[in-house]
Amino acid sequence: MMKFLPHLPEQLVRLLVVFGVLVAGMFFVRSMLPPELKDTSIHIQSTLDREAARPVHYAGSEACADCHEEYTIKKGGYHKNLSCETCHGAAKEHTENPAEVKPNVPRLREFCVRCHTFDPSRPTGFPQINPVVHNPLKPCASCHNPHDPKPPTVPQECQACHAEIARMKAVSRHVLLDCTTCHNAPNGHKISPRVVKASIPTDRDFCGKCHGSGAQMKEAPKIDLTSHGEKYLCWQCHYPHQPGLD
Amino acid sequence: MNNPITEKLYELLKQVGGYIYPNEIEIHWSILVVVYPYITGLVAGAFILASLVKVFNIQEVQSVYRLSLLTALSFLLVAPLPLLLHLGHPDRSFEIFLNPNFSSAMAMFGFVYAWYLMVVLLLEIWFTYRRDIILWAKNERFPMRLIHRTLALFSTDVSEKAVRFDKKVVKGITIIGIPSAFLLHGYVGFIFGSIKANPWWSSVLMPIVFLFSAIVSGIALVILLYMIITPFRKEPIDMKCLDKMASYLFYAVIVDFSLELLDFIHRLYQSEESIKILSELVMSKLFVSLGIIQVLLGMLLPLGVMIAIKLFRFDDELRKLLYFVSVILIQLGIFATRWNVVIGGQMFSKSFRGLTAYKMELTGFEGLFMSLFLLVLPLIILAIMIKILPPWEPEKNVEYLTD
Amino acid sequence: MNRRKFSGKFFTLLFTTTFVGKLLHRRASADTKGYDPSKHYYGMGIQIDKCIGCGRCVEACKEENGVPKEPFFFRTWVERYIIKRNGEVNVRSIDGRISGRDREIEETEILRSFFVPKLCNQCDNPPCVQVCPVGATFKTEDGVILVDEDRCIGCRYCIQACPYGARYLHPEKQTADKCTFCYHRITKGLLPACVEVCPTQARIFGDSKSPASPLTRFKRMNKIHVLKPSLNTDPKVLYSELDGEVR
């Protein structure tokens, strides 16, 4: 380029003029634009403001306590950690206009069944029922107060919460055994299941009571406790709730 | 809510196999995003062919030099259209120029495109044609005279010195034009290759493969156009030129094929987690577009044909026929390559557990007809440009600028 | 002054002003009505062994945030995993209705089964922010990734870049959308809608900068996993009891 500086060719000059006009035009247009289009901090701020200003539909569990103290205090028992809006739906509008806008009060069976129907993927210990056989057609609230859902009778069987295990056992070789044959559940377990745990057997001799060489129960298959299974506990290989399939 | 969109999605649900994340049901980058890399690939390829003349002084290809440049320009002008039509908010597309996020490869589009258009392609064409359009304008009437004089920016200097300057500039621009062409199409490959979330795209080879398949498609396109336009002009096809172009096409196809083969072998050998779902993808959804169209028809068959031409002596007519069929197959193959990358990469779930389907619409902004139109439009623009800036010795009685 | 000198001075002036302008530009903070974002840094914990797959979180999110109700657009969703004895893994999404039993799968075939809630992980090294061509999506000071729907051009690059499938294109606004941790709620001291309605506290929301936060206890008492750690996205949604089959 240095060679050409003293005398730029005519076509190059024309070209530079055209480019110069274009570039100047771009800068001019850019300077005429409103700042929102150019400054990043403005658009970030406006986004934050816009997001923060969106309407709230769920009031939050604390908001209900202001007027409905009796439910929040009485909401003991198993549902105490539920938010009111989990069952009653979005209630922000109700807090703003309590007289005219009422939240939904679910009374149909399908509503409770959604959480409490049996599902094999649900964690052990979550109370599940089979809606077809469990008091069919009756509204759940007629026996269970939703704000303190103690069952009307203490569940005699473990099945109410341990549905998956009960169902497995029901089609296994251990079907005739009660849960209490192997597990001892103190009364406190039905009230505070995660705090008071049921007991589980601790050694091989326990299974040996039925499956050992000299054991009483005729139908139970027998093994030699001293040699079978080396040093492992029985349930490290055999799933006790479904021993046949392993 | 939005009935036409969701109607389509309900239909798609039936075609889902395995598990996909619920948001993945919609394939976001449609055929328009297949057309875009195809078009920029043609631009890069045609330009590379043109640069063979200027930088490496390949004399046989001289006669298609200007045609290649005009082809590159007409496709480049159409290139932003598929992108604009695909955006959810084309009205805000200027934001890419005004507020680019420099960590994003896509933000480079504006600058790379503007650079390539303004500084490389337009300037090269201008300096190449300047002398001719000034001389043509002298013997013309309105409106051609005005068009040519305006295009020349009302320049009048056709002295030896000025013409020598023009030639120097053209050579210089071509030299910076080659890496610019690489950048123009390579960055598209990088857009895909840098997405770590998608194992079909995420690869170091992606920009390179894109580039070489672009070169293949560009050279093939110029050959195709040359073989169609020349008989129209009632001129004989220069077999030396054609053979030379086909040679370069052959070398480019070999490199492209090797790269794709390398990618394939590498994936199979490494056998990463995604290999299961990707194998399923290739064998089921992409079997026709990848196995048959891209590899068999688009690469192996033309490769075989060109090897045969090199080994045996075919006469001119047979060679012309074989070249013609090969370049068409190659175009289909490269389009299928783009399809397999873009659409294929969205047809499997990032959960690696399922496959979805792409239902291409016929009408609408993202439909087949629009894509076909976008592929034909550059040819229309090219036809207009050939009228205004004839790339061959024109009917007018003026000296043709040769080197 | 001749042409050359003038154009030289002109361009220098232009470039200098632009450069200086860029230097002076800085990020503002959201000081909306007394909320100081620099005092918070949000995260979420999810306890897999508590999720019952009821789908109330999905519904609440759609209700709270105006997400289209069709089953193709989710800010959060729940996956059900069933791992069978023969090693096969079966995954499907809960769509918020009464989750019935999978009639095709024999229960005796099930080895493990559980639910996994999923949402935007609000990554600390977000690939979506990296690839947005116009900077419409960004990370706030309090750790939430937001989308500016006035700047988003709908190119969908962020949707392609998200490894978790957390983003979608809003069918009406034609801009990218995703979970915002209910930014409009957390800046007012409320919980996100999904956390609010979860009946079993499977979702825990916390503020790392707060002296006492349920998230801290969560991080202390559990072995923490994140989704796709090899992609180095640094997610802020932490899972406990996350099974190896979860992608």
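A residue is termed buried if 20 or more other C-beta atoms lie within 10 Å of its own, exposed if 12 or fewer, and partly exposed in between, with C-beta atoms placed from the backbone. Helices (H or I, at least four residues) and strands (E, at least two) are DSSP runs, numbered from the N terminus. The model is predicted, so local features need pLDDT of at least 70 and side-chain atom pairs count only at pLDDT 80 or more, while totals for chains, interfaces and linings use all residues. Residues are numbered from 1 along each chain as its sequence is written, and chains are lettered from A and ligands numbered from 1 in the order in which they are written.

View 1. Strand β1(C) spans residues 42-47, and six of its six residues are buried. C:Y42, C:M44 and C:I46 point one way from the strand, whereas C:G43, C:G45 and C:Q47 point the other way. Residues on both faces are buried.

**View 2. The four-stranded sheet of chain C.** Strands of a sheet pair through backbone hydrogen bonds, either parallel or antiparallel. Two strands are taken as paired if DSSP finds at least two bridges between them. The order in this open sheet of chain C is β9-β1-β11-β10, and its pairing is mixed. β9(C) and β10(C) (224-225) stand at the edges with a single partner strand each, so one side of each is left without a neighbour in the sheet. Five bridges link β1(C) with β9(C) (residues 203-207) in the antiparallel sense; in this pairing C:G45 has C:I204 as its bridge partner. On pairing with β11(C) (residues 237-240), β1(C) runs in the parallel sense over four bridges, and C:I46 is partnered by C:Y239. β10(C) and β11(C) are antiparallel and joined by two bridges, with C:H225 opposite C:Y239.

**View 3. Helix α7 across the sheet of chain C.** Helix α7(C), residues 214-221, lies across β1, β9, β10 and β11 of chain C. Its direction is at about 115° to β9(C). Axes are lines fitted to C-alpha atoms, for helices over the stretch in contact, and angles run from 0 to 180 degrees between N-to-C directions. Chain C as a whole has seven helices and 11 strands, and 49% of its 247 residues count as buried.

**View 4. The side of chain C that touches chain B.** Two residues are in contact if their C-beta atoms, placed from the backbone, lie within 7 Å. The contact involves 39 residues of chain C and 36 residues of chain B. On the chain C side, β3 (89-94), α3 (127-131), α4 (157-161) and β7 (168-169) each supply at least two residues. The largest share, four residues, comes from α4(C). This side of chain C comprises 24 nonpolar, eight polar and seven charged residues. Ala, Val, Leu, Ile, Met, Phe, Trp, Tyr, Cys and Pro count as nonpolar, Asp, Glu, Lys and Arg as charged, and the others, Gly among them, as polar.

**View 5. The side of chain C that touches chain A.** Here 46 residues of chain C are in contact with 40 residues of chain A. Elements of chain C that each supply at least two residues include α1 (3-24), α2 (56-65), β2 (76-84) and β4 (110-119). The chain C side divides into 19 nonpolar, 13 polar and 14 charged residues.

**View 6. Packing of helices α3 and α15 in chain B.** α3(B) (residues 65-78) packs against α15(B) at an angle of about 135°, with the axes 8 Å apart. The two helices are therefore oblique, since angles under 35 degrees count as roughly parallel, over 145 as roughly antiparallel, 65 to 115 as roughly perpendicular and the rest as oblique. Among the contacting residues are B:L70, B:L73 and B:L77 of α3(B) and B:L374, B:I381 and B:M385 of α15(B). The contact contains 12 nonpolar, two polar and no charged residues.

View 7. B:M360 is found in the loop between β2 (353-355) and α15 (368-388) of chain B. It counts as partly exposed because it has 13 C-beta neighbours inside 10 Å. Leaving aside residues up to four places away in sequence, B:M360 touches B:I31, B:G367 and B:L368. B:H266 belongs to helix α10 (residues 239-270) of chain B, and is exposed because 12 other C-beta atoms lie within 10 Å.
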